[in-house]
Amino acid sequence: MAEDIKSKVIQAKKASIELSSVSTEVKNLALEAMAQALDKERTAILGANAKDLEAAAELKKKGKLTQALVDRLKVSDSKIDGMIAGIRDVIKLKDPVGDTLSTLELDKDLILYQVSCPIGLIGVIFESRPDVVPQVMSLCLKSGNATIFKGGSEARESNRTIFQILVKAIESTDGMPAGAFQLMETREEIMDLLSLDAYVDLLIPRGSNEFVKFIQENTKIPVLGHTSGICHIYVDEYADLDTAWKVCFDAKVQYPAVCNAIETLLINRKIADAFLPKMADMYLGAGVELRCDEDSYTLLEKRGLSTLSRATEEDWGLEYNDLILSIKLVDTIKEAIDHINTFGSHHTDGIITENASKRKEFTGLVDSSSVMVNASTRFADGYRYGKGAEVGISTNKIHSRGPVGMEGLLIYKYILLGKGQVVADYAGENAKPYTHRKLDLKFEDVN
């Protein structure tokens with residue numbers, strides 16, 4: 001392992017301790033400095049991104065980079081506006097560090113506080129998407145977590161420029177520690193980072209299935225993330241057709257290269273004749289390749305639609321991240337739910353229905369981190385969920401699930417305040433009893 005990699009991580013780990021106790025006022029001043037710096041340095045950011053896009057175009061020609069990754073790589077003035085808006089939304093969020101989660105009296109003058117605190121040092125490893133840097137850095141800063149960033153080589157110039165602009169703004173703010181945010185740039189550094197479980201508390205990978213699986217299988221560090229976004233919408237027999245056409249179109253076409261776009265459309269057979277032909281026309285008009293099961297293929301072929309493909313069994317488990325959609329007719333909502341729970345990735349799935357009992361059945365039984373009713377799956381996003389931004393989307397069932405904002409970057413500690421009590425008094429034949437009484441007290445109010 002290169003010593004400079006380990007020294008960067010150790011420096012960030014030490015800075016994480018200091019960062020955990022920085023005041024809300026200072027953190028917000030640093031965040032505003034970040035926003036202003038991005039606005040001021042637009043030319044530098046766009047120039048760096050242009051270099052990455054030029055190199056990416058060559059890699060795409062050689063088949064080494066997909067169009068989806070090229071799309072995610074591009075930075076524009078409007079994307080910089082979005083970065084700035086995301087940082088300022090984080091400023092508005094309540095500082096979660098030091099919140100009292102619960103207070104319990106163990107006995108008179110023996111009070112146990114459960115208090116939120118930062119996780120510590122977080123490693124964020126991501127492909128493409130330079131806007132990940134300000135999103136994650138702002139959330140980590142506000143929640144008091146130091147961060148190691150490792151972006152993909154395809155975005156090296158953009159990531160380096162944005163990172164340097166933001167760190168300069170942070171470290172020029174009085175009261176902010178130096179070294180809390182570090183950038184790694186080579187592929188070899190990933191393996192070094194994965195081995196540093198003595199210092200790194202959490203890893204958040206953002207990228208393809210294979211990428212996230214590789215991270216999970218090659219480290220002892222806890223990993224928060226999702227391996228894929230195989231999302232579905234089920235159009236129920238009680239669907240409002242106008243709602244279904246609008247929502248299903250948005251969920252595939254609005255931005256197909258992201259993890260919350262749908263990859264499979266499930267349609268109740270009873271509504272298929274009324275719904276599917278127009279829906280297919282809309283998709284084909286937008287350039288979507290339709291991969292149909294035998295029944296939906298036959299239905300559309302009879303209606304005169306061409307340029308259709310037949311779905312294979314493999315299609316049900318694919319994340320296309322492109323203008324490709326698989327379609328399947330089902331007989332019941334149970335069949336739809338079983339299909340989603342079997343082939344989906346527990347990311348985001350939706351139902352279009354006006355029937356309350358069907359809505360309840362679907363939301364209760366679909367095992368996904370986000371479940372949508374009469375709304376696009378594209379809403380599954382930290383910014384849209386009011387988290388300011390997100391560090392990623394988790395399909396884990398422990399710690400944090402779904403779009404992860406600051407709440408996923410916090411843990412807690414127990415603080416016990418006593419007056420000389422000892423366990424010996426509460427053990428044995430004449431043991432004192434515990435009161436275990438819940439109290440409405442805040443640790444921050446303790447003198």
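**Entry 1. A salt bridge**

Which side chain meets that of Lys-13 in a salt bridge? I looked up the pair and found Asp-201, at 2.7 Å from N to O. I counted as a salt bridge a side-chain nitrogen of Lys or Arg within 4 Å of a carboxyl oxygen of Asp or Glu. The structure holds 25 salt bridges. Helices (H or I, at least four residues) and strands (E, at least two) are DSSP runs, numbered from the N terminus.

**Entry 2. Basis of the values**

I note that the model is predicted: local features need pLDDT of at least 70, side-chain atom pairs count only at pLDDT 80 or more, and totals for chains, interfaces and linings use all residues. Residues are numbered from 1 along each chain as its sequence is written, and side-chain values use heavy atoms, with hydrogens and water left out.

**Entry 3. The two domains**

I looked up the domain assignment, which gives domain 1 (5-99 + 118-217) and domain 2 (231-388); such bounds come from an automatic or database assignment. The centres of domain 1 and domain 2, taken over C-alpha atoms, are separated by 33 Å. To the contact (heavy atoms within 4.5 Å), domain 1 gives nine residues and domain 2 gives ten residues.

I then looked up the area that domain 1 and domain 2 bury between them, which is about 690 Å², with 47% of it on carbon and sulfur atoms. Buried area is the accessible area (1.4 Å probe) that two parts lose on being put together, summed over both. On the side of domain 1 that touches domain 2, the elements giving two or more residues are α4 (67-73) and α5 (77-92). For salt bridges between domain 1 and domain 2, the count is zero.

**Entry 4. The open sheet**

I traced an open sheet of four strands, with antiparallel pairing, in the order β16-β2-β1-β17. The edges are β16 (410-417) and β17 (437-438), each with a single partner strand, so one side of each has no neighbour in the sheet. Strands count as paired if DSSP finds at least two bridges between them. Eight bridges join β2 (residues 110-118) to β16 in the antiparallel sense. Opposite Tyr-113 I found Ile-415, in β16.

Strand β9 (residues 289-292) pairs in the parallel sense with β11 (residues 324-330) over four bridges. The pairing of β9 with β10 (residues 309-310) is parallel and has two bridges.
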